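Work through the exercises below with the sequence and the model at hand. Each task is followed by its solution.

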Amino acid sequence: MATSVTVTGTEQFRDIAVRLKEAGHGELRRELARAMRDAAAPVVQDAQERVRSLPVVGVGGGASARAARSRHALRGRRVLSDRVKMRAHLRSGLRDTIARAVRAQVSTSGESARVRVQVHKTVLPPRQRTLPGHLNTGR
């Protein structure tokens, strides 16, 4: 039995999410959250591109810092082919690292329903977890 539901506004979305949760239809709730995350994908891509295009002025840390970032990217891997090493080395810049950590998070609590686009700091290397906050200062 296929059913089509059209939701307009956060109030209707919240009501539907609460009803689905009460009815025990977890799969429908997950499907709804997945659809919202997919709808937010263009916004996430735009945020990632904006982070990559930020003008960052300062020291780059040199070759040793880039090597440390690529080591972090390779940790936990069993097979280290030349291709994997090269990708880790090329993708270890600060803006690229932060852009890859930008994600959409869907929340359907009883009070509100929302999609947040934010940087997941746990994806970043330990010494870079405070840096996204500094990018918001505008300096």
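**Exercise 1.** In which helix is glutamine 48 found? Then determine whether glutamine 48 is buried or exposed, and list what it touches.

Solution. The model is predicted: local features need pLDDT of at least 70 and side-chain atom pairs count only at pLDDT 80 or more, while totals for chains, interfaces and linings use all residues. Residues are numbered from 1 along each chain as its sequence is written, and side-chain values use heavy atoms, with hydrogens and water left out.

Step 1. Glutamine 48 is found in helix H3, residues 41-52. Helices are DSSP runs (H or I) of at least four residues and strands are runs (E) of at least two, numbered from the N terminus.

Step 2. The relative accessible area of glutamine 48 is 17%. Buried means under 20%, exposed over 50%, and partly exposed in between, with a 1.4 Å probe and protein chains only. Glutamine 48 is therefore buried.

Step 3. Leaving out residues up to four places away in sequence, glutamine 48 touches Ala99 and Val102; contact means heavy atoms within 4.5 Å. Its side chain reaches the backbone oxygen of alanine 99 at 3.1 Å.

**Exercise 2.** Which pattern does the protein chain follow along the sequence?

Solution. The chain has seven helices and two strands, in the order α-α-α-α-α-α-β-β-α. Of its 139 residues, 22% count as buried.

Technical notes
A polar contact is a pair of N or O atoms within 3.5 Å; within protein, one must be able to donate a hydrogen and the other to accept it, and residues adjacent in sequence count only if both atoms are side-chain atoms.
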